[in-house]
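We'll go from a loop to the core, then on to the bonds and charges.

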Amino acid sequence: QVQLVESGGGLVQAGGSLRLSCAASRSKISINVLGWYRQAPGKQRELVAAITSSGTTNYADFVKCRFTISRDNAKNTVYLQMNSLKPEDTAVYYCNADIFGRSWLGDYWGQGNQVTVSS
């Protein structure tokens, strides 16, 4: 069993920055795609950014040039640096990982981390 443990959310003023982290609880695994999603009240969960094992990144248009996703493969950790935050970025942020051991272990989600941006 693998757990994804998130940290780094909180309350920030508009224009500020936050950094989210998400670490897998188990070693001797490999992670293909790592992603960050978010869900605002009354809205569907949406992709924010994703990064492959080789470092290729993909961003939603609404965060391009403001957010940066990165990963540390040795630590099985993914980060989301969020700059120039806007009130509309307020949401619960979830990390997601496609994890392999000797075989495919599954698609895992973090517990969610509240990010609140005040105007």
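## Ground rules and a loop

Helices (H or I, at least four residues) and strands (E, at least two) are DSSP runs, numbered from the N terminus. With that in hand, serine 25 sits in the loop between E3 and E4. Serine 25 is partly exposed, at a relative accessible area of 45%; buried means under 20%, exposed over 50%, and partly exposed in between (1.4 Å probe, protein chains only). Contact here means heavy atoms within 4.5 Å, and serine 25 touches Val2 and Gln3, not counting residues up to four places away in sequence.

Before going further: this is a predicted model, where local features need pLDDT of at least 70, side-chain atom pairs count only at pLDDT 80 or more, and totals for chains, interfaces and linings use all residues. Residues are numbered from 1 along each chain as its sequence is written, and side-chain values use heavy atoms, with hydrogens and water left out.

## The core

A nonpolar core is a set of buried Ala, Val, Leu, Ile, Met, Phe, Trp, Tyr and Cys residues joined through side-chain atoms within 4.5 Å. The largest one has 31 residues, and Trp36, Leu80, Met82 and Tyr93 touch the most other members. Strands giving two or more residues to this core include E3 (18-24), E4 (30-39) and E9 (91-100). E9 gives the most, with five residues.

Take a look at tyrosine 93: leaving aside neighbours within four places in sequence, its contacts include Trp36, Arg38, Leu80 and Met82.

## The disulfide

How many disulfides does a search of the whole structure find? There's one, counting a pair of cysteine sulfur atoms within 2.5 Å. Cysteine 22 and cysteine 95 form it, with their sulfur atoms 2.0 Å apart. Cysteine 22 is in strand E3 and cysteine 95 in strand E9, so the pair ties together parts that are 73 residues apart in sequence. Both cysteine 22 and cysteine 95 are buried. Cysteine 65, on the other hand, counts as exposed, at 85% relative accessibility.

## Salt bridges

The structure holds four salt bridges, each a side-chain nitrogen of Lys or Arg within 4 Å of a carboxyl oxygen of Asp or Glu. Arginine 38 pairs with aspartate 89, the closest N and O atoms being 2.9 Å apart. Arginine 66 also meets aspartate 89, at 2.7 Å, N to O. Arg38, Glu46, Arg66 and Asp89 are linked in a network of salt bridges.

Lysine 64 and aspartate 61 form another salt bridge (3.2 Å, N to O). Here lysine 64 is partly exposed, at 44% relative accessibility, and aspartate 61 is exposed, at 64%.
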